[in-house]
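Welcome! Have the sequence and the 3D view open as you read.

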Amino acid sequence: MFTVNIKGKRDPKNIEFVKLEMIFYKRGFARVSKVLNITGLYTDWDPKSQTFSGKESAEKNKLLRQEKLKYLKVAERWESRGKDWIPVELSHYYETAPNYRNKYIPISDVIEELAVKFDNQERYKNGRVLLSLSTSRKYRYLNTSLHQFTKSKYRRDFSSYQFRDLNEKFLQDFIVWVQVKAAKNSNTGDASGKLRKLKAVCLYAKELGIYNINLNAFSSFKEKLKQRITTPKGVGPEVMQQIESFDRTLLTKKEQFHLDLFLFSYYAGGMSAIDVCLLTRNQIKDEMIIYDRTKYDKQARVIIIDKAAEIIERYRSKAYMNYVFPTIKRCNPTQSKLYGRVKRINEKVNETLRKICDHCGIKSRITWGAARSSYISKMIDEGVSSAPSC
């Protein structure tokens, strides 16, 4: 139930005239008033009919009816669409300076806006301008998950949800839904990561000046909001020795290349997959690799040991342009193709490692990411208090 009425009271600046206000009401919400720029004598105002009396009042009454009708039409349209609107939102509908309607945009629209922002956010790394495409994908995946959740749990389209709907119960239901779905798919679901992303969306929306953001809804989930650093489990020197000495005749040429990428990463202090794939020769100076880590704002300096130098030399004539390894084969690939290429190589390296582990009877699940943690474990075993920053 909703109403739009016009009420009048004596104008404090001139008590002979009436000050008119439009009152917006919807069940469950406080009434909201809006001053009208229409006035007349207080004695001519009829509160019951909400009109002026007198022969010269026809034009004023017509303006009042038109003003009231235009808001009623908006409210009726919203009701027919099932929109979860509030009185203050209706009262600002026709205001354009500033544009109040944008203060009530749905959560899904803000998430997409944030994803687009990261699509275009540039970072300069190792002579190359990179975009934050991986981050934007995570926000779009969050949006997809929320759409699936509200359809499954509430039988309602997430595009109709606004920030006032994002309360503690909604968050709790979402976390449970993610965990149940993850259990069925035999994965973690990253409920904590999704919750952190959703809070980041709220903080971004608050910066935009969007109304009805309740950050207190996240107060009950402090433990889940904590950043948990998950490092792939490192393997011992015995296992690394098995991988290093594996019979390469059992591998194809491409698989041998994938093995070399993993070993080089290990020899180079646990260099990440994307940094290995994008490594160029101008980053090698005086038998040392000097590069900016792609994932973090840190510069790394790694001494090239003999084993790493051998792998570099092995692919000197095969690499394209200035790259150290034949990983990128186009002159100026788009950002999406560049990241896609790195992702596919990462998957191939992991497949090759699984094949090696199966042949050697290694039960541990080893991935390319294990190179870094294995290197750190090796350094600790050798008595180094902290591994180099790389």
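A residue is called buried if its relative accessible area is under 20%, exposed if over 50%, and partly exposed in between, using a 1.4 Å probe and protein chains only. With a relative accessible area of 46%, Glu76 is partly exposed. You will find Glu76 in helix H1 (residues 58-81). Helices (H or I, at least four residues) and strands (E, at least two) are DSSP runs, numbered from the N terminus. From Glu76 to Asp165 there are 89 residues in sequence, and their C-alpha atoms are 21 Å apart in space.

Keep in mind that this is a predicted model: local features need pLDDT of at least 70, side-chain atom pairs count only at pLDDT 80 or more, and totals for chains, interfaces and linings use all residues. Residues are numbered from 1 along each chain as its sequence is written, and side-chain values use heavy atoms, with hydrogens and water left out.

**How the helices pack**

Two packed helices are described by the angle between their axes and the distance between the axes. The axes are lines fitted to C-alpha atoms, for helices over the stretch in contact, and the angles run from 0 to 180 degrees between N-to-C directions.

| Helix pair | Angle | Distance between axes |
|---|---|---|
| H8 (residues 237-244) and H9 (residues 253-267) | about 140 degrees | 11 Å |
| H9 and H11 (residues 306-314) | about 140 degrees | 9 Å |
| H4 and H6 (residues 191-208) | roughly 100 degrees | within 10 Å |

Let us begin with H8 and H9, which pack at an angle of about 140 degrees. That angle makes H8 oblique to H9; angles under 35 degrees count as roughly parallel, over 145 as roughly antiparallel, 65 to 115 as roughly perpendicular and the rest as oblique. Which residues in H8 and H9 meet? Met240, Ile243 and Glu244 in H8 meet Leu259, Phe262, Leu263, Tyr266 and Tyr267 in H9, where contact means heavy atoms within 4.5 Å. Sorted by class, this contact of H8 with H9 has seven nonpolar, no polar and one charged residues. In this sorting, Ala, Val, Leu, Ile, Met, Phe, Trp, Tyr, Cys and Pro count as nonpolar, Asp, Glu, Lys and Arg as charged, and the others, Gly among them, as polar.

Next come H9 and H11, with their axes 9 Å apart. On the H9 side, the contact is made by Asp260, Leu263, Phe264 and Tyr267, and on the H11 side by Lys307, Ala308, Ile311, Ile312 and Arg314. The residues in the contact of H9 with H11 divide into six nonpolar, no polar and three charged.

Finally, H4 and H6 cross at roughly 100 degrees, and they are therefore roughly perpendicular to each other. Residues of H4 including Tyr139, Leu142 and Leu146 take part in this meeting, and among those of H6 are Leu198 and Val201. The contact of H4 with H6 has seven nonpolar, one polar and three charged residues.

**Residues on the inside**

Is Thr352 buried or exposed? Thr352 is buried, with a relative accessible area of 3%, and it is found in helix H12 (residues 335-360). Not counting residues up to four places away in sequence, Thr352 touches Leu251, Glu255, His258 and Leu259.

Asp173, in helix H5 (residues 168-184), counts as buried at 14% relative accessibility. Leaving aside neighbours within four places in sequence, Asp173 is in contact with Phe149, Lys153 and Tyr154.

How many disulfides does the structure hold? There are zero, a disulfide being a pair of cysteine sulfur atoms within 2.5 Å. For Cys357, the nearest cysteine sulfur is that of Cys360, 7.1 Å away. Cys357 is buried at 4% relative accessible area, and Cys202 is buried at 2%.

**Two loop residues with positive phi**

Most residues other than glycine have a negative phi. Arg155, however, has a phi near 55 degrees. Arg155 lies in the loop between helix H4 (133-153) and H5 and counts as exposed at 67% relative accessibility.

Asp286 has a positive phi of about 55 degrees although it is not a glycine. Look for Asp286 in the loop between helix H10 (273-277) and strand E8 (288-292); at 79% relative accessibility, Asp286 counts as exposed.
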